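Hello,

Please take a look at the structure below. My notes on the ligand and metal sites follow it.

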Amino acid sequence: SAGTIVDDGTVTLTRFMIEEAMKSKTPGQEDMVRLISSISVACKRIASMVQTAGISGSTGLAEGGGSVNVQGEEQKKLDVISNDVLKSALRPSGKLGVIASEEEDNPVVVDELYSGEYVATFDPLDGSSNIDAAISTGTIFGVFKAPEECLIGDSDNLSIAEQQCLEATLQPGTNLVAAGYCMYSSSTILVLTTGDGLNGFTLDPSIGEFILTHPNIQIPSRGKIYSMNEANYFDWDPKLQTYVDNLKKAEGQTGEKYSSRYIGSMVGDVHRTLLYGGIFAYPGDKKNVNGKLRLLYEAAPMSLIFEQAGGKSITGPGGRVLDLVPDKVHQRCPVFIGSPDDVDEVEKALA
Ligand code: AHG
Ligand code: MN
Ligand code: MN
Ligand code: MN
């Protein structure tokens with residue numbers, strides 16, 4: 001009859017966040033709703049740009065190959081564009097003091113008009129070397145509470161506030177209050193935690209909404225896939241070489257032969273690991289003792305995500321990624337992340 005509310009059961013990201021905020025006891029959750037919805041708007045805009053990159057001429061290198069980021073990488077046009085999209089989508093949230101990004105030399109102080117309670121770290125476009133071949137890419141983000149002294153509006157000397165805010169980004173992963181990624185692949189999937197479980201949302205382009213499709217994600221306790229760039233094999237620790245050799249010879253703990261999958265976009269490789277189980281690693285090696293992945297906006301957010309799903313993430317024997325306190329914004333760390341039994345096995349092999 002007229003007037004009855006038809007609830008077809010689809011839970012949008014916005015509805016989910018509001019229900020979470022009502023359930024949770026911690027104050028300030030409504031701020032988190034505004035922040036996460038700003039991030040999801042940026043991800044939708046990046047998704048649509050990535051899907052049509054070849055048409056709008058936004059493939060290829062930025063400035064004809066002239067621009068190199070602080071990592072020493074040649075920036076793709078979409079690295080720069082997605083970084084700008086994130087910054088402009090986050091400013092009006094009114095909730096951010098500082099944004100640290102792979103594509104910014106130093107953390108960016110958000111307009112002092114909006115002195116915000118949060119600090120966010122971003123990899124605006126992860127796996128961007130794959131973008132010209134239309135292979136999966138993604139956006140990774142982490143959110144910290146900003147310490148008091150970082151509230152820009154409270155101090156008239158911006159340079160001091162900026163310095164303090166740079167420090168505000170150097171927090172260990174255990175301080176993360178939210179983390180997530182958006183994967184741009186055969187479907188666009190946002191995976192998110194605000195500290196109380198892990199949930200996945202698939203973008204329905206016909207209504208422009210993220211719909212809850214992966215409630216309460218739990219990683220399998222063990223998988224049968226290992227994911228690492230074996231081109232670096234001869235530079236690895238011999239103990240790691242033995243661990244991988246055993247997986248190939250069906251002489252690991254399970255006595256089963258593992259398969260290998262590696263696409264070179266962390267978001268794609270870890271999303272498969274999260275849903276299918278197994279292990280992803282970017283180990284240190286003779287040439288790069290800390291490996292390649294950056295702690296603040298790749299390893300730490302992904303580690304919170306995996307731990308929320310019952311997974312594990314270590315830098316090596318006895319080193320939990322989330323405990324690592326950064327001393328530089330762009331510092332790198334080795335990462336072994338995945339099913340608990342697989343991470344335990346590699347940890348034992350490396351000890
Ligand atoms: P980004 O594109 O954000 O710079 O990250 C690339 C990273 C990560 O996505 C991926 O796992 C890794 O680089 C692949 O590195 P290799 O090509 O050395 O395997
Ligand atoms: Mn890069
Ligand atoms: Mn990356
Ligand atoms: Mn990137």
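**Ligand 1 and its pocket**

Ligand 1 sits in the largest pocket. A pocket here is an open set of points on a 1 Å grid over the protein atoms alone, where a 1.4 Å probe fits and protein lies on both sides within 12 Å along at least five of seven lines. To sit in one, a molecule needs more than half of its atoms within 2 Å of its grid points.

Some ground rules. This is a predicted model: local features need pLDDT of at least 70, side-chain atom pairs count only at pLDDT 80 or more, and totals for chains, interfaces and linings use all residues. Residues are numbered from 1 along each chain as its sequence is written, chains are lettered from A and ligands numbered from 1 in the order in which they are written, and side-chain values use heavy atoms, with hydrogens and water left out.

The shell around ligand 1 has 18 residues, each with a heavy atom within 4 Å. Asp126, Gly127, Tyr262, Met266 and Tyr282 come nearest. By class, the shell holds 6 nonpolar, 5 polar and 7 charged residues. β3 gives the most, with 3 residues. Strands are DSSP runs of E, at least two residues; helices are runs of H or I, at least four.

- Leucine 125, from a backbone N or O atom, at 3.4 Å.
- Methionine 266, from a polar backbone atom, at 2.9 Å.
- Arginine 294, from a polar side-chain atom, at 3.0 Å.

Taken alone, ligand 1 exposes 470 Å², and the protein buries 87% of that. Areas are Shrake-Rupley, with a 1.4 Å probe.

**The manganese ions**

Donors are N, O and S atoms within 2.8 Å of the metal (3.2 Å for Na, K and Ca); water is not among the atoms, so sites may look incomplete.

Ligand 2 is held by Glu73 (OE) and Glu102 (OE), at 2.0 to 2.1 Å. Glutamate 73 lies in the loop between α2 (29–51) and α3 (77–90), and glutamate 102 in the loop between β1 (96–101) and β2 (108–109), so the pair ties together parts 29 residues apart in sequence.

Ligand 3 has Asp123 (OD), Asp126 (OD) and Glu298 (OE) as donors, at 1.9 to 2.1 Å. Their spacing is D-x2-D-x171-E. Aspartate 123 is in β3 and glutamate 298 in helix α7 (residues 295–308), so this pair links parts 175 residues apart in sequence. Ligand 3 is 5.4 Å from ligand 2.

Ligand 4 is coordinated by Glu102 (OE), Asp123 (OD) and Leu125 (O), at 2.0 to 2.4 Å. Ligands 4 and 2 are 3.6 Å apart, and glutamate 102 coordinates both.

Best wishes

Methods
A polar contact is a pair of N or O atoms within 3.5 Å; within protein, one must be able to donate a hydrogen and the other to accept it, and residues adjacent in sequence count only if both atoms are side-chain atoms. On a 1 Å grid over the protein atoms alone, a cavity is a set of points where a 1.4 Å probe fits but cannot get out, and a pocket is an open set with protein on both sides within 12 Å along at least five of seven lines; lining residues have an atom within 4 Å of a point. Ala, Val, Leu, Ile, Met, Phe, Trp, Tyr, Cys and Pro count as nonpolar, Asp, Glu, Lys and Arg as charged, and the others, Gly among them, as polar.
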